[in-house]
Amino acid sequence: MKTGDKAEAAPAITGLDEWVEGTVIEVKTNPFLGIVVAIKDSLGRIFFGEEKYFRELNNGSCLQ
């Protein structure tokens, strides 16, 4: 995952019932937690947490 990618945040960190889609605004390496991701959704909310709570959305490109 990198800045500008589309991703979804899990309900475990958003506190909502469904996954929240947004744009990756930051990816950092934390010495204690590993990779930490932050996304911003269409409403301007920012969600961040360990990489395991995020899934990258298919950007539509085919690598075959």
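Colleague: Why is Asp5 called buried?

Modeller: This is a predicted model, and the values are computed from it. Asp5 has a relative accessibility of 13%. Buried means under 20%, so Asp5 counts as buried.

Colleague: What makes the contact of Asp5 and Lys2 a salt bridge?

Modeller: The nitrogen-to-oxygen distance between their side chains is 3.3 Å. The cut-off is within 4 Å, and therefore the pair qualifies. Lys2, at 54% relative accessibility, counts as exposed, because exposed means over 50%.

Colleague: How many salt bridges are there by this rule?

Modeller: The count comes to 4. Among them is the pair of Lys28 and Glu26, at 3.6 Å from N to O. Glu26 has a relative accessible area of 37% and is partly exposed. In general, side chains of opposite charge can pair when their charged atoms come close.

Colleague: How do you know that Arg55 and Glu8 form a salt bridge?

Modeller: Their closest N and O atoms are 2.7 Å apart, and the limit is within 4 Å. Arg55 lies in strand β5 (residues 54–56) and Glu8 in strand β1, so the pair ties together parts that are 47 residues apart in sequence. Glu8 is buried at 14% relative accessibility, whereas Arg55 is partly exposed at 38%.

Colleague: Why is Ile35 called partly exposed?

Modeller: Ile35 has a relative accessibility of 36%. Ile35 is found in strand β3, and together with Met1 and Val27 forms a nonpolar patch on the surface, with about 200 Å² of accessible area.

Colleague: Which residues make up the largest nonpolar core?

Modeller: That core has 8 residues: Ala7, Ala9, Val20, Val24, Val37, Ile39, Phe47 and Phe54. Two or more of its residues come from each of β1 (6–9), β2 (20–30) and β3 (34–41).

Colleague: Is Thr14 buried or exposed?

Modeller: Thr14 is buried, because its relative accessible area is 12% and the limit is under 20%. Thr14 is found in helix α1 (residues 11–14). Leaving aside residues up to four places away in sequence, Thr14 touches Ala9, Val20 and Phe47.

Colleague: What makes the approach of Thr14 to Leu16 a polar contact?

Modeller: A polar atom of the Thr14 side chain lies 3.2 Å from the backbone nitrogen of Leu16. The distance limit for a polar contact is within 3.5 Å, and 3.2 Å meets that limit.

Technical notes
Residues are numbered from 1 along each chain as its sequence is written. This is a predicted model: local features need pLDDT of at least 70, side-chain atom pairs count only at pLDDT 80 or more; totals for chains, interfaces and linings use all residues. Side-chain values use heavy atoms; hydrogens and water are left out. A nonpolar core is a set of buried Ala, Val, Leu, Ile, Met, Phe, Trp, Tyr and Cys residues joined through side-chain atoms within 4.5 Å. Buried means under 20% relative accessible area, exposed over 50%, partly exposed in between (1.4 Å probe, protein chains only). Helices (H or I, at least four residues) and strands (E, at least two) are DSSP runs, numbered from the N terminus. Patches are made of residues with over 30% relative accessible area and no salt bridge: like charges are joined within 9 Å, nonpolar side chains (Val, Leu, Ile, Met, Phe, Trp, Tyr) within 5 Å. Accessible areas come from the Shrake-Rupley method with a 1.4 Å probe; for residues, only the protein chains shown count as cover. A polar contact is a pair of N or O atoms within 3.5 Å; within protein, one must be able to donate a hydrogen and the other to accept it, and residues adjacent in sequence count only if both atoms are side-chain atoms. Contact means heavy atoms within 4.5 Å.
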